[in-house]
Structure formats: C-alpha cells, structure tokens
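The sequence and structure are shown first.

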Amino acid sequence: MVKYARFMAVYLFSLATLTGILLGGAWMWLGFVVIYGVMILGDESLGDYYEEPAYRHPRLLNSLLYFALPALFVLGVAMAWMAGSGDLFGFGAWAQASFGLDLFARREATAPLHWLGAILSAGITFAALGTNIGHELTHRTTDRGAMVAGRWLLAITFDAEFSIEHVYGHHRRLATSADPASARRGEHFYSYLLRSVFGQTKSAFELERNRLQTLGHGTWSLHNRYLRGWLMSALIVAAFGVAAGPKGVVIFVLAALAGRSVLEAVNYFEHYGLVRDPGQPVEPRHSWNSNKRLSNVMLFNLARHSHHHAEGDAQFWQLRAYRDAPTLPYGYLTCMLLVFLLPGWYRNRMTPLLLEWDRRFATTSERRLAAEANRASGVPALQLAAQGR
Amino acid sequence: MLRDLFRRREPEAARVSVEPFGWEFDVAPGQTILQAALAQGLPWPSRCRVGSCTTCRCRLLEGDVRALTDTSYVLSREQLQQRYVLACQSQPKGSVRVHLDRMKATLAADVPSQPAAAVD
C-alpha cells in the first residue's frame with residue numbers, strides 16, 4: 001500500500017500551503033517553509049530511492065494525478081477569498097460555523113509581506129501540482145482527457161503551450177544549441193530564464209503555425225492550440241478578477257510567475273551544460289538525473305529524468321532509477337534554491353561534474369561539441385580544459 | 001452458423017507487408033506497426049518511439065491506419081499528401097501495405113561521429 005500512498009506526499013505539502021494562506025498573517029509563509037524545509041532536509045537525510053516495484057493497479061496511481069485539478073481549484077478559491085473583500089461562495093461563514101475560524105479577522109491581519117509568503121508558497125505549489133502533473137499528462141498525446149486536464153494545469157502558470165513545445169520541441173532538440181530549454185555551459189540562470197521563456201513561447205508558436213499550415217488551416221483561428229492556451233490562462237486571470245478584484249489579479253499573476261520560474265529553474269539544472277550531436281538519439285547521459293527519495297516521491301518520479309528523456313512515453317510509475325546516469329549533486333529543491341539564490345556558485349559547483357561528464361559519458365563527436373561549449377562558456381576552469389586538448 | 005453470428009468476434013491481428021523488402025508480419029490489436037516489427041526482430045529504423053522524431057516514417061500504399069498522435073506537428077504537408085505515417089503511432093485497420101524508404105542497416109546511425117545530414 002505504501003508504494004501507492006507515498007505519491008500522495010505532494011498533496012500533503014499542498015495542504016500546508018492551503019492552511020497557511022487561510023490562517024493569514026505570518027502563517028502565509030507556512031507552505032514555502034514546510035515545502036523547502038522538509039524537502040531539503042529530507043533529501044539530505046533520507047538518501048536514495050532505487051525501488052522499481054511492479055504495480056498491479058496502475059489506475060490507482062493514474063487517478064492520483066487528477067486530484068491536482070480540484071486541489072488547485074480549492075487553493076485558488078482560498079487565495080481569492082483572502083485577497084478579496086466579500087464572502088466568496090459563503091466560505092467565510094462556513095469556516096466560522098464549522099471550525100470556529102474567523103477568516104474575516106485573519107484577512108484583516110494580513111500585510112503585504114505576508115502576501116509575499118503566500119505568493120512563494122502558491123508558486124511552488126502551482127509548479128508541483130500544476131506544471132509537474134501537467135507535464136506528465138500532456139506527454140500522453142494519445143489520451144484526449146489527459147491532454148485537456150494537463151493543459152488546464154499548465155495554463156495556471158501561463159504555459160499551456162508547454163504541451164506543444166516540450167513534446168515536439170524540447171524532447172527532439174534536447175541538449176543541442178537549438179533548444180531554448182537546455183541551459184548552455186557557463187550560462188547564468190537569470191539570462192537563461194529570459195532566453196528560455198521567450199525562446200519556448202516562440203518555438204511553440206512556430207510549431208503550431210507549421211502544424212496549421214500543414215493541415216491547411218489559418219494561423220489566427222480557434223484551431224490554434226497556442227492561442228487557445230493563452231485564452232485558457234486569460235480565463236483564469238479573469239476569474240480571479242471577478243472573485244477578488246484587481247488585488248486578486250495581481251496576487252494570482254505574481255504566484256503564477258513564481259510557479260513558472262520554478263519550472264525554469266528545474267529546466268536549467270536538468271540539462272545544464274550537457275551536449276548532444278543532433279544526429280544522434282537522446283540517451284540517458286543527456287539529462288542530469290537524481291535518485292533522491294523525496295524529490296522523486298514528491299514529483300511523481302520526475303527526478304528520474306534520464307529515463308524520462310530516453311523513453312518519453314513511459315508513465316511515471318514505469319520510470320527506472322538509472323544508477324549510472326549523470327547525477328545532480330543535490331535533490332531538486334536544494335538545487336532550485338541554489339539556482340535562485342546563488343546562481344554563480346551553482347554554476348561553479350557543476351564545473352567538475354561537466355568535466356567528468358566529458359571524460360566518462362561523451363562520444364567522440366560530443367567531446368568535440370563539449371570542447372566548443374567549454375571555450376564559449378566564459379568559465380575559466382572549462383576554458384582551461386578545452387585548451388588542454 | 002447461428003453460433004458464429006452471435007459469438008463475440010475476437011479482434012483479429014492485421015497483416016502488414018513492407019515494400020521494398022518483402023517483409024510480412026502480423027500486428028496484434030492494440031499494437032503499433034513499429035512494436036510488431038521490432039518484436040519480429042526487423043531492422044525498422046526508430047529513435048524516439050513517441051511520434052516526434054519521424055525516423056520510423058513509412059508510406060501507406062494500401063489500407064488505412066489509426067494514428068495515435070497528431071502527426072501534423074512533425075510531418076510536412078507533402079508527406080501527409082503522400083500518405084506518410086509514423087510506424088510508432090500507427091495501428092493498422094485491417095491489412096496494410098507500406099513502403100519503407102530505408103532500413104536501419106542503411107542508416108549508419110550507430111556511428112557516433114556521423115553528421116546529422118547523413119541520417120535525415
């Protein structure tokens with residue numbers, strides 16, 4: 001039973017975010033503190049996760065993914081209630097009657113600095129439930145229901161187009177200079193962030209435009225999934241506007257952008273500095289893998305990234321640990337915090353790992369590409385290694 | 001006779017023949033052409049197996065297939081008009097005949113230093 005139930009961990013973390021936001025005041029930091037605190041300490045102390053159990057009831061695991069929709073809806077209502085002024089859905093009166101919780105007073109006692117905590121807590125929760133599960137679902141291009149649910153989950157962070165770019169762009173161009181979502185050697189996180197966000201949206205638009213041209217449809221029509229994705233996000237923003245006014249819109253948009261930046265931090269460290277000959281297939285060596293227990297359990301095995309890219313149609317419960325793949329120095333949330341707060345330090349931390357990658361994993365043509373990337377990296381230790389050849 | 005009429009029909013395997021190599025094999029219900037070909041040990045070229053790299057593409061000469069994914073992201077208009085399909089995303093509807101442009105041995109894809117142009 002444990003092997004199924006452990007994947008509910010992410011919902012427990014989300015409950016911390018929800019509870020914190022409803023308690024108001026300094027409690028609004030609860031989700032952020034609990035998620036980062038437990039994940040970072042947990043990944044450091046609970047070690048690795050190599051189990052690859054057979055599941056007799058994959059449907060059970062599958063249904064866990066879809067809980068993200070109601071969970072995020074409830075979180076959205078809570079955010080809108082606390083940001084607004086009325087009593088949305090009679091929620092305040094109900095909380096008072098059921099739990100004796102005076103949400104009206106809690107709301108009064110909430111200052112802008114508290115809201116910053118709510119935004120960061122909601123951001124990481126949007127990324128974990130929305131983006132991560134949306135990613136898993138939109139890989140199932142054969143399953144219409146999964147695609148619709150996944151695109152709505154992604155639309156929360158203004159990224160329904162991820163369902164186009166990620167599958168038909170990123171997975172094909174992985175670890176080549178043509179991929180906006182593969183971080184280059186020496187690239188600073190914040191310059192990567194801009195290149196990646198704008199590069200991916202441009203790529204998604206072009207992929208969609210080419211598809212419509214192939215089918216003989218116009219670009220500016222409702223056939224356009226790129227435009228429909230933005231429409232979905234606009235509807236969510238509008239719902240916040242109706243429910244909680246301009247303040248609700250500002251808070252939601254900031255939380256969505258926080259969630260999106262979490263995705264980009266993950267994109268950054270998942271492939272940082274790795275190179276591939278565009279003519280060769282994607283192999284496990286083209287992703288940074290992590291077998292940290294909590295990172296995997298919390299994120300539906302996303303950290304088993306080497307297998308994910310080598311076999312894009314595998315479901316999360318089929319992903320294997322790949323002990324010999326290139327491995328991240330820390331768990332996901334630790335890497336993320338370092339990338340956000342100490343991007344230069346993280347880049348230096350990865351330098352010896354990249355040099356080891358060149359020696360241990362690269363093919364002949366990849367060594368050539370790696371040497372070029374080292375020369376262009378601006379990182380002295382990498383440039384020195386390139387000269388040594 | 002009556003028993004035959006009322007018996008639930010078992011889904012049947014579909015026969016696939018591949019030009020110009022003369023390969024013939026059955027595709028079980030729910031299986032894709034590529035899965036069946038690889039299970040036979042045939043050197044069908046493939047890479048991503050999720051309908052994005054187009055390495056496994058082949059041209060339909062006869063019959064029809066059910067496409068699991070939207071191949072319009074990855075195949076050109078000309079290719080669609082010429083009835084190209086992706087073997088990894090195609091379940092045959094009845095017997096089909098397809099044309100495969102190259103087999104894996106002629107791709108030389110396994111030599112690490114091979115430039116991309118030689119593959120596509």
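The text below treats the interface, then a lysine, then backbone geometry.

The model is predicted: local features need pLDDT of at least 70, side-chain atom pairs count only at pLDDT 80 or more, and totals for chains, interfaces and linings use all residues. Residues are numbered from 1 along each chain as its sequence is written, chains are lettered from A and ligands numbered from 1 in the order in which they are written, and side-chain values use heavy atoms, with hydrogens and water left out.

**Interface**

On chain B, 24 residues are in contact with 23 residues of chain A, contact meaning heavy atoms within 4.5 Å. Together the two chains bury about 1,900 Å², of which 54% is on carbon and sulfur atoms; buried area is the accessible area (1.4 Å probe) that two parts lose on being put together, summed over both. Two salt bridges are counted between chain B and chain A, a salt bridge being a side-chain nitrogen of Lys or Arg within 4 Å of a carboxyl oxygen of Asp or Glu. Arg225(A) forms a salt bridge with Asp70(B), in which the closest N and O atoms are 3.1 Å apart. The elements that give two or more residues to the side of chain B that touches chain A are α3 (77–81) and α4 (116–119) of chain B. Helices (H or I, at least four residues) and strands (E, at least two) are DSSP runs, numbered from the N terminus.

**A lysine without a salt bridge**

Lys292(A) lies in the loop between α12 (225–271) and α13 (293–298) of chain A. Lys292(A) is buried (under 20% relative accessible area, against over 50% for exposed and partly exposed in between; 1.4 Å probe, protein chains only). It has no salt bridge, and the nearest side chain of opposite charge, Asp48(A), is 4.2 Å away; Lys and Arg count as positive and Asp and Glu as negative, with His and the chain ends not counted. Beyond its neighbours within four places in sequence, Lys292(A) is in contact with residues including Asp43(A), Tyr49(A) and Tyr330(A).

**Backbone geometry**

Most residues other than glycine have a negative phi, and most peptide bonds are trans.

| Residue | Phi | Relative accessible area |
|---|---|---|
| Phe89(A) | near 60 degrees | 64%, exposed |
| Asn301(A) | near 65 degrees | 2%, buried |

Phe89(A) is placed in the loop between α5 (68–83) and α6 (91–99) of chain A. The peptide bond from Glu19(B) to Pro20(B) is cis, with omega near -5 degrees.
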